[in-house]
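In this notebook I record, entry by entry, what I looked up in the structure. I begin with the contacts between chains and then turn to single residues and pairs.

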Amino acid sequence: MTDIKYELVCGMEVHAELKTASKMFCGCKNDPFGAEKPNSHTCPVCLALPGALPVANKKAIEWTIMLGLALGCKINLFSKFDRKHYFYPDLPKGYQISQYDLPFCYDGKLETSSGTVRIHRIHLEEDTGKLLHKKINGEDVSLIDFNRGGVPLIEIVTEADIHSPEQAKEYGKKLRELLRYLEISDCDMDQGGMRLEANVSLRPVGENGLPSYKTELKNINSFKFMEQAINFEMDRQAKKLDLGEEIQQETLGWNTTTQETFSQRSKEEAEDYRYFPDPDLPPIRFTQTQIDEMKKSMPELPTQIIERWKSEYGIEPRFSSMLFSSVSNAKILESLFSKAKKEKISADKLASALVNKQISAPKIQDDAEKTLKDFANLNSVDDVDTDELKTTIEKILSENPDVREKYARGEKQVLGFLMGQVMRTSGKRLDPVLVRATILLSLEE
Amino acid sequence: MLLDKSILELASLIKNREISITDLVKESLRQIEMLDGKVNAFISVRKSEDLLAEALLKDKSIEAHKSPLYGIPFSVKDSYVTESMITTAGSNILKTYQPPYTATVIKKLIDAGAILLGKNNQDSWGHGGSNENSDFGSVKNPWDLERIAGGSSGGSAAAVSSRMVTFSIGEDTGGSIRNPSALCSVSGLKVSYGRVSRYGTIAYASSLDTVGPIAKSSEDIAHILGVIAGVDLKDASSSMRPVTDYSHSLHKPIDGVKIGIPKQFFSDNYSSEVKELVLDAVEKFKSMGCTTVNLDMPLLQHSIPIYYMLAASETSSNLARFDGIRYGNDRSNFLPESKRRIILGTYALSAGYADKLYKNAQRARTLLIESYQGVFKKCDVIIAPTTPNTAQKLGELINNPMENMLSDVFTTSANIVGVPSISVPIGFSKNELPVGMQIIGNVFEEADILNLADAYQSETDWHTKTPKILGSEND
Amino acid sequence: MSQIVKHLAKLAALEIPDSEMKGYEEQLSEIFEYMDQIKELDLEMAPETYRTTEEENVLRDDKIEPSLTQEQALENAKKTHEGFFLVPAILKDTHAS
């Protein structure tokens, strides 16, 4: 036994199905899991019937660029699709339309708590059909459903920057969060909407450079299993390296029962995919201006929102980060907090109440009023004599004669001013909703 | 004989009710019945009951339809999918295959009112220049039944040549429309790449395949092209350029047209008879006011390997879908010629070889395109022979794969570069076999080459000659 | 040569019976040799052209179009089972995506 300590050198490849309405190269419905029956969302193109031709889905490409921009990638201004050839029953054309040397995005990064993970490339391709293994009349057969064939698949490949199983898990989770946030993929791992692969090798601590070998962990459909598999592999490889044994390049799966990796295919003979540019599909060309426009019109990213909510609304990041998971619900919360700010309600306290589930978040923008009301009811308020309140209000109105006029003209911001005055003058803790309602009454009179 | 008349003549006769569409379809069926047993131009013919019913229906609404193709009988190479009609691409792999959709080119012709008689025999998958590489028997040349009809659209050319239909839609990847047209003494157009939709065309080589008409004259072709040309949203490789009014671009004066003569196509390494006839045709053009320009295009000598590296690579890819799982029979049903091309293509693309083979072919392609662009600055069109020889006897080429490949020497460069080329009949050899020549134009200049071909056909009558098997039908 | 042909046939999922192998080798040898001339061309490192059309960015809107019915999808298959295409068992997950 030697005392050599090894360090994990790991890169990950993640595939995610994009949730466009239609498939990547044809107009069939993109809903493999929800289809009523097998082979019911297929057409000459995705069934690879003789004579059919692909036409690329614009939205899938736009979403790929958006993901790339969100991960700080450079965008290839000129890009194309290539054919990747191999024979397998779930691949109807005998080739997959993918991208070889000019992927849409490259050179990005994703931050984890233990360091930056560089994104090598992001490209777009089509998914294969689904294979089911069964015994029919005593015979082992495979059944094929092409509802999934042709669904747009985005592939994100990292550099070998991952140095612990925990970091691999964190990377995977953060990537999933981002894909869900941008609302381009549901990443449902049980349904195969997101698939993880990890390349695992070890090198002695202190050394640099990539090890001369790697094993590929494939077909792992949970973060927990991924973590376990990497841990197991690290042990297995370390033992072999200690004994001076060579580690075979191979593809490994994770057996959840035996809690061991197992060989799926030897990588000694690399597949010859015979890539060439697909002549059926014209190339894609962007101008730098177009990319800049796309960048501008991108939704704000989570980190930016969290920062801004702190400076604008005073909301603690630990609350913000738990409150939204998509562009859509971030928008709804934005309008809630903006409203709260106008009505001098503490957004931070509101956020805390939401996080602690004391009140429920609005599902649509119009529900904001209700949420604010619920929040108001949470806080105990001093009993207030409504007559006294009314008197206070009348007093303030008479001291500020132009307010009525302004309100009549439609300048609603005077409400905020009045509320501030009332709160200050009264010196009590007042229910803002009540105050506002009473002010309105007075103004209408 | 009705089927010896031009499209315009037929359209006029139909409009004036001097003939009925039923008459026309009956004659077509009669011709097929009488001659196809010998010629073997068809793999499948629609049921006569259906055809006559269709003709009857069309006879009832002649006034409502404007297209000159209304009621005109046509056929298509069996590479074009037809819904619910067996489509084989000439191969046993698809012997019982019934597509659930129809090719765009056929849809357009049917919308214009033309009547589809049946599917023509071909070299399987487009692999061949003699139509002997078919699982449905060889096509025989109507001019000499012991000789080849050319390929791969041999059935299409033979059907037009023996007056079974007014026109046929063939498919040209390396000469497959022009070659059989020349050998069967009919006119055939290879369009600019992308001019006609490929949706529903069983692919041979995706960057080379073109869809085009074979008919008795350039004028007929102009009418057909007007109907089938144009962009198709289902075919991302189809051109968005507007469609010219081809038939109205005919009968324009041709004096002053500069004709390029590439010396590489006029050497001594092929039939001198063919060469002489082409040079005669050039003289004819000169007498009509054209001038000639001598060209030197060295890359033309390498068109065959450039073509085959590209075509074989793409076909090895396009035929990968035939695994017998979703349709068709398994891959052991490929004929040897197709297996050879698939292996050649796999070789050209494989790791370690792709750079020197496939990629070199794509580099050569760039240079060939530049060469053509340079040439079209000096001349308006290029004239070349279509085939190096007249029709060989059956059995000669199919047993000599190398010789078979070399018969594409004059036609392949137009596909590599994407330019249009029409083959027209220019006479006969001493043993009475047809000879054709190509008029090659710049991209999307179909109107110009159709015009020149039409001018030639106004001054000559080679294209009106009919094979002896038509016998007493020839009136 | 026979090793090369066997390897290529395997890549192309083609079976060449041993009895025919010699014939294929001979013909392919001649063809490969002829085609090899392309290796010698002076191509001035010209860029590759893989298509002759001028269009770029030919894309579809993300709209759903009608699909074939399940019957249509299956009608030409030799072997189906309850709406699926059927093949002899494939070793589980032996292929990369």
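**Entry 1: chain C and chain A**

I looked up the salt bridge between E56(C) and R285(A), and found that the closest N and O atoms are 2.8 Å apart. A salt bridge is counted here when a side-chain nitrogen of Lys or Arg is within 4 Å of a carboxyl oxygen of Asp or Glu. The rule finds 1 salt bridge across the interface of chain C and chain A. Across this interface I also noted 20 residue pairs in polar contact, both residues being at pLDDT 80 or more. Which elements of chain C each supply at least two residues of the side that touches chain A? They are β1 (59-60), α4 (70-74) and β3 (84-88) of chain C. The largest share of that side, 5 residues, comes from β3(C).

For these terms I wrote down the rules. A polar contact is a pair of N or O atoms within 3.5 Å; within protein, one must be able to donate a hydrogen and the other to accept it, and residues adjacent in sequence count only if both atoms are side-chain atoms. Helices (H or I, at least four residues) and strands (E, at least two) are DSSP runs, numbered from the N terminus.

I then noted the extent of the interface. In it, 40 residues of chain C are in contact (heavy atoms within 4.5 Å) with 61 residues of chain A. The two chains bury about 4400 Å² between them, and 59% of this lies on carbon and sulfur atoms. Buried area is the accessible area (1.4 Å probe) that two parts lose on being put together, summed over both.

**Entry 2: the basis of the values**

The model is predicted: local features need pLDDT of at least 70 and side-chain atom pairs count only at pLDDT 80 or more, while totals for chains, interfaces and linings use all residues. Residues are numbered from 1 along each chain as its sequence is written, chains are lettered from A and ligands numbered from 1 in the order in which they are written, and side-chain values use heavy atoms, with hydrogens and water left out.

**Entry 3: chain B and chain C**

The buried area is about 4600 Å², of which carbon and sulfur atoms give 67%. I noted 16 residue pairs in polar contact across the interface, both residues at pLDDT 80 or more. The rule finds 2 salt bridges there. In one salt bridge the side chains of R363(B) and E48(C) meet at 3.6 Å, N to O.

**Entry 4: salt bridges within chains**

How many salt bridges does a search of the whole structure find over all chains? It finds 60. I looked up several of them.

- In chain B, the side chains of D296(B) and K263(B) meet at 3.8 Å, N to O. This pair links distant parts of the chain, 33 residues apart: D296(B) is in the loop between β10 (291-295) and α9, and K263(B) is in the loop between β9 and α8 (272-287).
- D296(B) counts as partly exposed because its relative accessible area is 47%, and K263(B) as exposed because its value is 52%. Buried means under 20% relative accessible area, exposed over 50%, and partly exposed in between (1.4 Å probe, protein chains only).
- In chain C, E26(C) forms a salt bridge with K22(C), with the closest N and O atoms 3.3 Å apart. Both lie in helix α2 (residues 18-35), 4 residues apart, about one turn of the helix. Both E26(C) and K22(C) are exposed.
- In chain A, K29(A) forms a salt bridge with D31(A), the closest N and O atoms being 3.9 Å apart.

**Entry 5: a residue in a loop**

Is S249(B) buried or exposed? S249(B) is buried, because its relative accessible area is 13%. This residue is found in the loop between α7 (218-228) and β9 (258-262) of chain B. S249(B) touches T244(B), A447(B) and N451(B), not counting residues up to four places away in sequence.
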